[in-house]
Amino acid sequence: MFKLLSITLLTMMISPAWAAVIMIGDNDGYGAGIADNANHPPFTPIYDGRTPDEVAATNGAQYTDSYSTAHPGFSPQTGTTTTFSFTGLGSGWTSGSMWFDMADFQASTFGAVTTTYNGIAQNWSFNDGYPSTFVRYFDLAPDVITSINSLGYLDVVIERSGSGDFYGFDYALLSDNYADDTDPYNDPTIGVGVPEPATISMLFLGLALLIIKRKKLN
Ligand SMILES: [Ca+2]
Ligand SMILES: [Ca+2]
Ligand SMILES: [Ca+2]
């Protein structure tokens with residue numbers, strides 16, 4: 001019994017299951033408390049509501065809470081890309097889904113961005129209009145799951161050489177479940193997340209106590 005419990009605890013500790021949700025950006029309403037799935041006050045042509053941490057980030061959080069600063073200039077910028085990098089994903093993925101809290105995508109008016117997940121083309125021809133925020137949800141296709149397992153990461157690359165659209169992100173989020181929440185109006189970041197270090201410490205403490213107890217019984 002103790003062995004079983006110990007194995008269970010060990011499995012919980014090494015399993016990526018609780019790291020199932022990774023969020024880039026902090027969902028603070030574009031740095032200005034702007035609501036999801038709503039009209040927002042007009043952004044200035046180059047809006048920058050980033051915190052110093054977000055400005056310094058290298059995982060894509062530097063592209064949140066900004067509007068057109070991710071792609072500087074007022075016309076299509078060949079070669080400028082926005083990359084959200086989800087790293088340390090391991091190789092045990094069997095399903096996955098993503099959310100993007102985005103603002104003001106206008107593909108028909110200004111041209112669609114070219115977006116890839118680990119180099120695999122995605123259709124990002126969104127027409128949410130202006131001034132509109134929208135939380136969008138996707139299941140990941142099997143080829144994307146395969147690429148995560150072979151690379152151990154997921155790079156979402158958004159390239160604007162064919163688009164003059166200005167847009168923004170509040171966050172990008174990756175889960176290792178399909179259909180974790182198919183309701184785009186239900187904030188997926190509520191009630192989920194990576195456990196605090198204290199939780200991990202408690203698990204180690206629990207395992208240690210079990211081992212000690214078992215030794216006493218032997
Ligand atoms: Ca939001
Ligand atoms: Ca923020
Ligand atoms: Ca736009």
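Biologist: Which strands form the open sheet with β4 in it, and in what order?
Modeller: Four strands, in the order β4-β9-β6-β7, and the pairing is antiparallel. Strands pair here if DSSP finds at least two bridges between them. The strands themselves are DSSP runs of E, at least two residues long, and helices are runs of H or I with at least four, numbered from the N terminus. Keep in mind that this is a predicted model: local features need pLDDT of at least 70, side-chain atom pairs count only at pLDDT 80 or more, and totals for chains, interfaces and linings use all residues. As for bookkeeping, residues are numbered from 1 along each chain as its sequence is written, chains are lettered from A and ligands numbered from 1 in the order in which they are written, and side-chain values use heavy atoms, with hydrogens and water left out.

Biologist: OK, and which strands stand at the edges?
Modeller: β4 and β7 (120–122); each has a single partner strand, so one side of each is left without a neighbour in the sheet. On average, neighbouring strands of this sheet are turned by 20° against each other, direction ignored. Angles like that come from lines fitted to C-alpha atoms (for helices, over the stretch in contact) and run from 0 to 180 degrees between N-to-C directions.

Biologist: What lies across β6, β7 and β9?
Modeller: Helix α5 does, running at about 140° to β7.

Biologist: How many bridges join β6 to β7?
Modeller: 3, and the two strands run antiparallel. One partner pair is Thr115 with Gln122 in β7.

Biologist: Is Thr115 buried or exposed?
Modeller: Thr115 counts as buried, at 1% relative accessibility. Buried means under 20% relative accessible area, exposed over 50%, and partly exposed in between, using a 1.4 Å probe and protein chains only. Thr115 sits in strand β6 (residues 114–117). Not counting residues up to four places away in sequence, Thr115 touches Ile120, Ala121, Gln122, Trp124, Val156, Val157 and Ile158. Contact means heavy atoms within 4.5 Å.

Biologist: Switching to the core: which residues touch the most other members?
Modeller: In the largest nonpolar core, with 29 residues, those are Phe84, Phe86, Phe100, Tyr117, Trp124 and Leu154. A core here is a set of buried Ala, Val, Leu, Ile, Met, Phe, Trp, Tyr and Cys residues joined through side-chain atoms within 4.5 Å. β4 (81–86), β5, α5 (142–151), β9 and β10 each supply at least two residues of this core.

Biologist: What is Phe86 in contact with?
Modeller: Leaving aside neighbours within four places in sequence, the contacts of Phe86 include Ile22, Ile24, Met98, Leu154, Val156 and Leu173.

Biologist: Now the metals. What are the protein donors of the calcium ion (ligand 1)?
Modeller: Asn27 (OD1), Asp36 (OD), Asp101 (OD) and Asp170 (OD), lying 2.2 to 2.4 Å from the ion. Donors are N, O and S atoms within 2.8 Å of the metal (3.2 Å for Na, K and Ca), and water is not among the atoms, so sites may look incomplete. Along the chain, the spacing is N-x8-D-x64-D-x68-D. Asp36 is in the loop between α2 (29–33) and β2 (47–48) while Asp170 is in strand β10 (residues 168–175), so that pair ties together parts 134 residues apart in sequence.

Biologist: And are those two buried or exposed?
Modeller: Asp36 is partly exposed, with a relative accessible area of 28%, whereas Asp170 is buried at 0%.

Biologist: What about Asp101, which residue is its bridge partner in β10?
Modeller: Tyr171. Strand β5 (residues 97–103) and β10 run antiparallel and are joined by 7 bridges.

Biologist: What are the protein donors of the calcium ion (ligand 3)?
Modeller: Asp104 (O), Gln106 (OE1), Asp165 (OD) and Phe166 (O), at 2.2 to 2.3 Å. Asp104 lies in the loop between β5 and α4 (107–110) and Asp165 in the loop between β9 (154–159) and β10, 61 residues apart, and the pair links these distant parts of the chain. Both Asp104 and Asp165 are buried.

Biologist: Last one: how many salt bridges are there in the whole structure?
Modeller: A search finds 2, where a salt bridge is a side-chain nitrogen of Lys or Arg within 4 Å of a carboxyl oxygen of Asp or Glu. Asp48 pairs with Arg50, with the closest N and O atoms 2.9 Å apart. Asp128 and Arg136 meet at 2.7 Å, N to O, and both are buried.
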